[in-house]
Amino acid sequence: MFEYITATEIEHSLIAMAKLDIILIPEKEAWLRTVGFSKESDHRRAVIDNGSGDSLIALFTDNGAMIKGFDHESELNQFAAEEWDNAFFERVYAGAPKALTALLSEDDIDNTTFCIWCCDGSAVWEQNEEPADDDDGGRDFLLGYVHQTAESWCDWAKYYYEQEFDHTVVEKIYSGEYVSAEDILMLNPKCNSEEVLQEIDELI
């Protein structure tokens, strides 16, 4: 689990990852993107979908953050249980900020095998006692999809996309610097850089 990493740092990483997905995968094929990021009036939402039935949702507000995940192979997956247990979700979300849980749909709640949260800029993430001693609900596995540095993302992307990427440009994206059309074309020479820049502008 994240140790001494603030929600702001996690959010910045997810925004960088979403930008990189926009650069590498055209909008018409957005369903292939691993990370999506959106801004609402009262919160920001990031979604990671690994395409294999597992997902991660991260919610950010000015007062706190929540990350919930769904590992379809976990024993805590209620869809695979012999008998549906609503009490499981009560245990998982007990104590979590109501302002954050209220942002989750019924489907979001049902598709849960773990949940962590932090409040007021704290770097201490909270989680209720895990219902199964030998199953963390895919927590460590799914949190591993959040690449906190450009180097980590490049190491992952080298195998995922089967190519090397320019570390300098990825560093610029992770640091929040402006990226130009030339930067974008260094990562994906085949993309329409103007469309990519417009989509990135809308993202942030």
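# Notebook: helices, pockets and a few residues

**Entry 1, helix H2.** I began with what lies around H2, and found that its buried residues pack against strand S4 (64-70), helix H3 (98-101), helix H4 (106-110) and strand S5 (114-119). I kept in mind from the start that this is a predicted model.

Next I asked which residues of H2 are buried. In this helix, residues 86-93, I listed Phe88, Phe89, Val92 and Tyr93. They sit on the same side of H2, because the arc they cover around the axis is only 115 degrees. Turning to the face directed away from that buried side, I noted the exposed residues Asn86 and Glu90.

Then I looked at the two ends of H2. At the N-terminal end I found a cap, Asp85, with a side-chain oxygen 3.0 Å from the backbone nitrogen of Ala87. After the helix comes Gly95, and I wrote down its phi as positive, near 90 degrees.

I moved on to helix H4, where Asp108 lies. Is Asp108 buried or exposed? I have it as buried, because its relative accessible area is 12% and the cut-off for buried is under 20%.

What does the side chain of Asp108 reach? I traced it to the backbone nitrogen of Ser105, at 3.0 Å. Leaving out residues up to four places away in sequence, I counted as touching Asp108 the residues Arg45, Ile57, Lys68, Tyr93 and Leu103. Tyr93 was already in my notes, as one of the buried residues of H2.

My next stop was H6, residues 150-160. Its buried residues are Ala150, Trp153, Cys154 and Ala157. They lie on the same side of H6, since they cover an arc of only 100 degrees around the axis. On the other side of H6 I found Glu151 and Tyr159 exposed. I also checked what covers the buried residues of H6, and the list includes H1 and helix H7 (167-174).

I then picked out Ala157 from this helix. Its relative accessible area is 0%, so I noted Ala157 as buried. Not counting residues up to four places away in sequence, Ala157 touches Glu162, Gln163 and Phe165. I also took a distance from Ala157 to Ile200, which is 43 residues away along the chain, and got 19 Å between the C-alpha atoms.

Where is Glu162 found? I located Glu162 in the loop between H6 and H7. With a relative accessible area of 71%, Glu162 is exposed, whereas its contact Ala157 is buried.

The backbone here made me stop. I read the phi of Glu162 as near 60 degrees, a positive value in a residue other than glycine. For most residues other than glycine, phi is negative.

I turned to open space and started with the largest pocket, which holds about 280 Å³. Its lining has 17 residues, and the closest to its centre are Pro26, Glu27, Asn192, Glu195 and Val196. Which helices each supply at least two residues of this lining? I noted helix H1 (7-24) and helix H9 (193-203). H9 gives the largest share, with five residues. By class, I sorted the lining of the largest pocket into seven nonpolar, three polar and seven charged residues.

At least two lining residues each come from H1, strand S1 (35-39), strand S2 (44-49) and H9. The classes in the second largest pocket are seven nonpolar, two polar and four charged residues.

I recorded Glu182 as exposed, because its relative accessible area is 56% and the cut-off for exposed is over 50%. Between Glu182 and Ser193 I noted 8.1 Å, C-alpha to C-alpha, for two residues that are eleven apart in sequence.

Key
Residues are numbered from 1 along each chain as its sequence is written. This is a predicted model: local features need pLDDT of at least 70, side-chain atom pairs count only at pLDDT 80 or more; totals for chains, interfaces and linings use all residues. Side-chain values use heavy atoms; hydrogens and water are left out. Buried means under 20% relative accessible area, exposed over 50%, partly exposed in between (1.4 Å probe, protein chains only). Helices (H or I, at least four residues) and strands (E, at least two) are DSSP runs, numbered from the N terminus. The arc is that of the directions from the helix axis to the C-beta atoms. Contact means heavy atoms within 4.5 Å. A polar contact is a pair of N or O atoms within 3.5 Å; within protein, one must be able to donate a hydrogen and the other to accept it, and residues adjacent in sequence count only if both atoms are side-chain atoms. On a 1 Å grid over the protein atoms alone, a cavity is a set of points where a 1.4 Å probe fits but cannot get out, and a pocket is an open set with protein on both sides within 12 Å along at least five of seven lines; lining residues have an atom within 4 Å of a point. Grid points are joined across faces, edges and corners, and a volume is the space filled by probe spheres set on the points. Ala, Val, Leu, Ile, Met, Phe, Trp, Tyr, Cys and Pro count as nonpolar, Asp, Glu, Lys and Arg as charged, and the others, Gly among them, as polar.
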